[in-house]
Amino acid sequence: MKYWLGKLLETVPLLIGVSLLTFAIFRLAPGDPVALVVDPTMVSEEDQQKVREDLGLDAPLPVQYVTMMSGMVTGDLRSFKSKQPTMEVVMDALPVTLLVGGAGLLIGLVVALPLGVLAARRPNGWVDRMVSVSMTTSLAVPPFVLGLVMILFFSERWRMLPASGIAPIGTIGFAGMDSLPYLVMPVLVVAFGPATIFARYLRDALTSVLRDDFVRTARAKGLNEPVVLTRHALRNALLPVVSLLSSLIPITLGGSVVIEMLFGLPGLGRVTTQAALSRDYPVVMTAVLFVATVAVLSNLIIDVVYGWIDPRVRV
Amino acid sequence: MSALQEATGALPGRVTTRSRQMVAESQAGIGRRVWSTMVANPKLSVGGAIIIVVSVLALLAPWITRHPPDVQNPVYRLATPSAEYWLGADSFGRDTFSRVVYAGRVSLSIGLLSMALTVVIGVLVGALAGYYGGWVDRVLTRVTEIVLVIPTFFLLILTVATFGRSIPLLILIIGLTSWPINARVVRAEILRLRKAEFVTASRVIGGTDPWIMARHLLPQLIPIVIASATIRVANNILIESGLSYLGLGVQPPTATWGNMITDGAGFMRQAWWLVGIPGAAIFIVVLAFNIFGEGLRDFLDPRSKAGAR
C-alpha cells in the first residue's frame with residue numbers, strides 16, 4: 001500500500017513541473033503574449049486589453065499561473081474561437097485519441113507476442129531475422145507516409161475503407177459499429193511501429209530468460225514446453241515489455257497528432273494542431289497539459305502493473 | 001651533454017627510420033582494419049555509404065539539377081518522369097527531382113544541427129546529474145522526466161505556436177525537446193564510471209571535478225554518445241518531416257520532404273510519385289542513419305552485439 005501511495009505522490013511534482021514548463025514557454029514568447037492569441041493589427045486596443053484581462057496577463061506571474069491553471073479546471077479559460085471552455089474542447093476530443101492509441105498499442109502487442117516467442121525459440125531462424133529487420137525498417141517509415149500508402153490502396157484503388165472521418169456523413173461524432181471501418185487504417189498505422197518494437201524486445205528478453213537455470217530446472221522436471229514457456233519464461237520476459245510500454249505511451253500519444261490530421265479524426269492531436277494553426281492559444285495549452293497528464297497517469301498504471309507482475313520492485 | 005649527444009648520435013636517424021616504418025605499418029594496419037571492419041560490419045558500411053551518397057547529392061544540388069526547385073512551369077503540371085523532368089513535376093509544374101534534392105539540404109541540416117544541440121544538452125545534463133548525484137541529480141532527473149513525459153509532438157506544437165516557424169527556430173526547438181534520452185544514457189554511464197579506480201586516483205593526486213570530468217570521464221563516453229547521436233539524427237529528421245507535413249515546420253515554397261508530401265497528397269491518384277519519392281527519401285535516409293548507428297554501436301561495444309544475438 002505504501003508503495004502505491006509513494007508512486008502516486010511522485011506524480012504530483014511531475015505534473016506541477018509539466019504545467020510550469022508549459023506556462024514558462026507561453027511567457028517566454030518574445031513581445032506581448034496577447035499577440036499570440038489575437039492579431040494586434042486586426043484587433044482594437046480595447047479588445048486586446050480585454051484579452052489581457054481574460055488571461056489575467058496584467059497580474060504578477062505567480063498569480064497569472066494560478067489563474068490560468070484554475071481557469072482550466074473551472075472552465076473560465078475559454079477557446080478564443082468557439083468560446084467553449086478549453087477543458088470541454090479537450091475532453092470532447094480525448095475519447096477518439098485514447099481509442100485509436102489504445103487499440104493500436106493493444107494490437108501491436110497481440111501481433112508481437114507470437115512473433116517474439118517464435119523468434120526466441122529459434123535464434124537466427126527466419127522469424128528471428130525477420131523480427132530484427134522489421135524493427136529497423138519500421139522505425140524509418142514515417143506514419144503519415146504509411147497512412148497515405150494505405151489510403152491510396154484501400155480507399156482510392158480498392159474502395160474498401162473510408163479514407164477520412166470517424167463516422168458516415170450525417171452522423172455526428174462516434175457512431176458505434178458504423179465507425180469501425182473508419183478506425184481500421186488509423187489503428188493499423190498506430191500498431192505498426194509498436195508491433196515490431198515489442199516483438200524485438202520480447203525476443204531479446206525471452207532468449208536470455210530461456211538460458212536461465214530455472215527454465216532448465218522446469219524442463220528437467222519434465223514439464224512440457226508450452227507450460228515452461230508460458231508459466232516460467234514468458235512471465236519473466238514480459239517485464240521489459242511492460243516497461244517499454246511506459247516509454248511508448250507518450251510516443252503514441254504524440255504520434256496521434258499526425259495520424260488524426262491524416263485520417264481526419266476529431267481527436268486531441270487534430271484539435272491541438274488546428275488550434276495552433278489558428279492561434280487559439282488557450283486550447284493548445286490546455287491540450288498539452290492534459291495529454292501530459294494522461295501520459296503521467298498511464299505510466300502510474302504501468303508501474304502498478306509492473307509491481308503486480310514482479311513483487312520484488314515493491315520492496 | 002655533448003658526450004651524451006655523441007653517444008646517442010646514431011640514434012635519431014635510427015629512431016626516424018624505425019618510427020617511419022612504424023607509421024607505415026600502422027597505416028597499413030589502419031587501412032586493413034578499416035577494410036575488415038567494413039566487411040565484418042555491413043551495417044556500418046552500407047549505412048555510411050548511403051549517408052555519403054545522399055550528402056554529396058544534397059551538397060551538389062545546384063550542379064546536378066536541371067531546374068531550380070521553386071520555378072513553376074505550368075506546361076509540365078503533374079508531368080510523368082521524362083528526360084527533362086527526371087522524376088516528374090508537381091501540381092505547380094516544379095521539378096520533383098530538383099525539389100527532393102534541395103529538400104535534402106534542408107532536412108539533413110535540420111537533422112544534424114538539432115542533433116548537435118541535443119547532444120550538447122544531453123551530455124551536459126547527464127554528466128552533471130551522474131557525477132554530482134544528490135540534489136543536482138534529483139532536480140535534473142525530474143526535469144528530464146518532465147520533458148520526456150510530454151508527448152513530443154504536443155510540446156513541439158506548443159513551442160511552434162509560441163515562437164513561430166523558421167528553420168533556425170525549428171532546429172532550436174527540436175534540439176531543446178529531444179535531449180532527455182541522451183541525458184539518461186550519459187547519466188547511467190557516468191554513474192558506472194564515477195566509482196572507478198582511475199577517478200579516485202586522479203582525485204587523490206589533486207584532480208578537480210572539471211578536470212576529472214573533461215579528462216577522464218567524458219572521453220570514455222565518446223563512443224556511446226556518437227552512436228546515440230547518429231540515431232538521433234534519424235529521429236530528428238523524422239520529427240522535422242512530421243512537423244512540416246502538418247504545416248507547422250518548414251514553410252513553402254522552401255521544399256522539405258515533409259511539405260512535399262503534404263503538397264502531393266492531394267494528387268496521389270494521378271501522380272503517386274509526388275508522395276512516393278519524398279516518402280522514399282525520408283525512409284532511405286532515416287534507415288541509413290539508424291543502421292549506421294546500430295553498426296557503430298556493435299563496432300564500438302562488441303558486447304552489445306553478443307548480448308543481442
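Residues are numbered from 1 along each chain as its sequence is written, and chains are lettered from A, with ligands numbered from 1, in the order in which they are written. Chain A comes to 12 helices and 0 strands, and chain B comes to 14 helices and 0 strands, where helices (H or I, at least four residues) and strands (E, at least two) are DSSP runs numbered from the N terminus.

**Overall architecture and confidence**

- From its N terminus on, chain A runs α-α-α-α-α-α-α-α-α-α-α-α, and its C-alpha trace spans about 85 × 55 × 35 Å along the principal axes.
- Buried residues make up 40% of the 315 residues in chain A, and 40% of the 309 residues of chain B count as buried; a residue is buried if 20 or more other C-beta atoms lie within 10 Å of its own, exposed if 12 or fewer, and partly exposed in between, with C-beta atoms placed from the backbone.
- Among contacts in chain A between residues at least 6 apart in sequence, 66% join residues at least 24 apart, a contact being a pair of residues whose C-beta atoms, placed from the backbone, lie within 7 Å.
- In chain B, residues 24 or more positions apart account for 69% of the contacts with a separation of 6 or more.
- Within chain A, confidence is lowest in helix H2 (residues 34-37), at a mean of 68, and highest in helix H5 (residues 86-121), at 90.
- Where pLDDT is low, the predicted coordinates should not be read in detail.

**Helix packing within chain A**

- The axes of helix H7 (residues 143-157) and helix H8 (residues 180-210) of chain A come within 10 Å and cross at roughly 140°; axes are lines fitted to C-alpha atoms, for helices over the stretch in contact, and angles run from 0 to 180 degrees between N-to-C directions.
- H7(A) passes H8(A) in a right-handed crossing; a crossing is right-handed if the near helix is turned clockwise from the far one by less than a right angle, and left-handed if anticlockwise.
- On the H7(A) side, A:Pro143, A:Leu146, A:Gly147, A:Met150, A:Ile151 and A:Phe154 meet A:Met185, A:Val189 and A:Phe192 in H8(A).
- By class, this contact has 8 nonpolar, 1 polar and no charged residues, where Ala, Val, Leu, Ile, Met, Phe, Trp, Tyr, Cys and Pro count as nonpolar, Asp, Glu, Lys and Arg as charged, and the others, Gly among them, as polar.

- Helix H11 (residues 268-277) of chain A is largely enclosed by the rest of the structure, because 8 of its 10 residues are buried.
- The buried residues of H11(A) include A:Arg270 as well as A:Leu268, A:Val271 and A:Ala275.
- What covers these buried residues includes H5, helix H10 (225-263) and helix H12 (281-309) of chain A, together with H7 and H11 of chain B.
- Just after H11(A), A:Arg279 takes a positive phi of about 55°.
- A:Ile302 lies in helix H12 of chain A and is partly exposed, with 18 other C-beta atoms within 10 Å.
- Leaving aside its neighbours within four places in sequence, A:Ile302 is in contact with A:Val242, A:Leu245 and A:Ser246.

**Helix packing within chain B**

- Helix H5 (residues 96-132) and helix H8 (residues 167-177) of chain B have axes that come within 8 Å and cross at roughly 45°, and the two are therefore oblique to each other.
- H5(B) passes H8(B) in a right-handed crossing.
- Among the residues making the contact are B:Val106, B:Ile110 and B:Leu113 of H5(B) and B:Ile167, B:Leu170 and B:Ile171 of H8(B).
- By class, the contact of H5(B) with H8(B) has 9 nonpolar, 3 polar and no charged residues.

**Contact between the chains**

- In the model, 39 residues of chain B are in contact with 42 residues of chain A.
- Helices H6 (134-149), H7 (152-163), H11 (209-246), H12 (257-265) and H13 (273-300) of chain B each supply at least two residues of the side that touches chain A, and H7(B) gives the most, with 11 residues.
- By class, the side of chain B that touches chain A has 27 nonpolar, 8 polar and 4 charged residues.

Note on methods:
This is a predicted model: local features need pLDDT of at least 70, side-chain atom pairs count only at pLDDT 80 or more; totals for chains, interfaces and linings use all residues. Angles under 35 degrees count as roughly parallel, over 145 as roughly antiparallel, 65 to 115 as roughly perpendicular and the rest as oblique. Two residues are in contact if their C-beta atoms, placed from the backbone, lie within 7 Å. pLDDT is the predictor's confidence in each residue, from 0 to 100.
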